[in-house]
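I opened this notebook to keep track of what I looked up, strand by strand and then helix by helix. The entries follow the order in which I went through the model.

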Amino acid sequence: MLKHLKALIFLFFICIQYTNAQDYPIISDMVTDNGAIFSNEEAELLRQKLVSYEVKSSHEIVVLTIPGLDGDSIENYAYYVFNEEGNNFGKEGIDNGILILISPNDRKVRIEVGDGLEHIITDAFSSRVIREELTPLFKQGRYFEGVDAATSQLIKLIDDPIYANDFANSIEAEAVSTSDKSTDGVHFITKLIASCVLLIFYFWVGVYGYYKLIIKKSFKTFKLKILYKNYKNKFLIYTGIALLIVNSFYVFFMKLFFGLLLTGFLSIFVFVGYFVLLKYAFTRAILIFKSLFTGQLGVFIYLFYIPTTLFLFVAGFLFGSLPIVMGFFFMLNLVFGEDINRFMANVEFIYVLFFFISVIILLHFIAVYFAIYQIKGEYNKTFGFSFFKRDAKLHAELNPGYARGYSSSGSSSYSSSSSSYSRSSSSSSSSSSSSYSGGGGRSSGGGASGSW
C-alpha cells in the first residue's frame with residue numbers, strides 16, 4: 001500500500017508540473033518592459049546606465065518587467081528566465097549577472113543573482129535593497145525611481161574597494177581560524193568525542209539487530225563484559241579499527257545517526273496514524289456501514305456519525321502519511337537538488353486539497369467494500385434500510401461511555417419509544433535592442449524576493 005501511495009503522489013506532482021509549465025521570455029535588451037511600467041524616456045535612461053556599466057565592468061544588470069506570473073512563483077519564474085537557453089545573464093564561467101524581475105499585477109519583485117556575484121550580493125543585501133529602495137517607491141507607483149535607486153546600490157556594492165578588501169580579509173581570517181580544525185571544519189577533539197559516542201551507538205544497534213534478526217536470541221543474553229574477557233585483544237583491535245572508520249567518515253556517520261533518530265521519531269507518527277487511528281477509523285466505519293446496509297442504523301441517524309468517522313480518517317491519514325511524504329521528497333531533494341524545491345513551490349494548493357479529499361473518499365469506499373463483504377459472509381444478516389432506527393447495541397459499541405443501560409444478555413433498559421433518544425445535529429513581447437550581449441552566466445537561485 002505504501003509503494004502505491006508513493007507512486008501515486010509522484011505521478012500526481014509530475015502531472016502538476018506539466019500543467020503549470022510555461023514559456024519564459026528570451027531577453028535581448030538590458031531593459032525589457034513587457035509590464036509597461038516605464039515611459040520610453042525612463043526605459044532609455046535605465047538602458048544607457050546599465051549598458052555603460054556592462055562596458056566598464058563586464059557585470060550585467062538586466063531589468064525585466066512582466067504583466068503577471070500566471071500562477072507561477074516569482075522565484076521560479078526568475079530562476080528559469082535567468083537560466084533559459086539564450087539568456088544566461090553574465091559571462092560564461094564568471095556568472096556575473098543580475099536580473100531584476102518585476103510583476104506589477106502581482107505586486108512582486110525579485111533580484112536574482114548569478115553564482116559569481118553571490119559572495120558580494122548576498123541574499124541579505126538583496127532583501128535590504130528590495131525593502132529599502134524598491135518597495136517604498138513601488139507603493140507610490142514610482143517604478144523608475146525605485147529601479148534606478150536599486151541598480152545604483154547594486155553597482156556601488158560591487159565596485160566598492162573597501163568591500164573588496166574586507167572580503168579578502170574575511171577569507172584570510174577564516175583560513176587562520178580553521179587552521180586547528182579538520183578539513184571538514186570540525187575541531188579534531190570534537191570529532192573524536194562525537195566519534196566515540198557514535199561508535200557506542202552503532203555498536204549496540206548492530207548487536208541488537210544481530211541477536212534479533214540473525215541468531216533469533218534474546219538481546220538480554222548478550223554480555224559485553226564476557227565478550228571483552230574472552231576476546232580481549234581482538235575486541236580492542238576491532239574497536240580501534242571501528243573508531244578510525246567512524247572518525248574518518250565522520251560526516252557520513254553523523255548524518256546516518258541523525259537520520260536514524262529522525263526515522264525512529266517519524267515512525268511513531270506512522271504507527272499512530274496507520275495502526276491506531278486508521279485502524280480504529282476502519283473498524284468504526286465498517287460497523288456503521290454494516291448497520292446502515294442492514295437497517296440497524298437509519299439513514300438520517302447515520303448522518304450524525306459522519307463527523308467523527310471523517311475526523312478519524314483525516315487524522316490517521318495525516319499522521320501516517322506526512323512522515324512518508326516528507327521522507328519521499330527528502331530523497332528526491334538529494335537526487336534533484338534545488339529543482340524539486342522550485343517545483344514544490346510552484347504547486348498550487350487546490351491540487352493538493354483535491355488529492356487529499358480524493359484519498360479520504362477512497363478510504364470510505366474501502367470501508368463500504370469490507371462492510372458489504374462481511375454482510376455477505378454472515379448468514380443471519382440481510383440487506384435493508386431504515387430512516388430513523390438506531391439499534392441500542394450499535395449505539396453502545398460506538399459510544400462506550402453511554403452504554404451503562406445496556407446488558408450483555410441482550411436486554412436493554414432503554415425504552416422502545418423513539419422519544420428516549422435525543423436527536424441533535426451538528427452541523428507579451430521583448431525589446432529588439434541589441435544592447436544586451438548575453439554571455440552564458442548561471443544562477444543557482446541566490447537573491448531575494450519581495451512584495452508591495
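I took two strands as paired if DSSP finds at least two bridges between them, and I took strands (E, at least two residues) and helices (H or I, at least four) as DSSP runs numbered from the N terminus. I note that this is a predicted model, in which local features need pLDDT of at least 70 and side-chain atom pairs count only at pLDDT 80 or more, while totals for chains, interfaces and linings use all residues. Residues are numbered from 1 along each chain as its sequence is written, and side-chain values use heavy atoms, with hydrogens and water left out.

Entry on the strands. I looked up the bridge partner of Ser-103 in β4 and found Lys-108, and for Ile-100 the partner in β4 is Ile-111. Strand β3 (residues 97–103) pairs with β4 in the antiparallel sense over six bridges, and the two form a hairpin with four residues between them, where Arg-107 in the turn has a positive phi of about 55°. On β2, I found six bridges to β3, the two running parallel, with Ile-61 opposite Ile-98 in β3.

Entry on burial. I used buried for under 20% relative accessible area, exposed for over 50% and partly exposed for in between (1.4 Å probe, protein chains only). Seven of the seven residues of β3 are buried, so β3 is largely enclosed by the rest of the structure; Gly-97, Leu-99, Leu-101 and Ser-103 lie on one side and Ile-98, Ile-100 and Ile-102 on the other. Strand β4 (residues 108–113) has five of its six residues buried, so β4 too is largely enclosed.

Entry on phi. Most residues other than glycine have a negative phi, and I therefore looked for exceptions. Ala-36, in the loop between β1 (31–33) and α2 (40–57), has a positive phi near 55° and is exposed at 63% relative accessible area. Asp-70, in the loop between β2 (60–65) and α3 (74–83), also has a positive phi near 55° and counts as exposed at 70%.

Entry on the helices. I found α7 (residues 188–214) and α10 (residues 250–293) packed at an angle of about 50°, with axes 11 Å apart, where axes are lines fitted to C-alpha atoms over the stretch in contact and angles run from 0 to 180 degrees between N-to-C directions. The two are therefore oblique, since angles under 35 degrees count as roughly parallel, over 145 as roughly antiparallel, 65 to 115 as roughly perpendicular and the rest as oblique.
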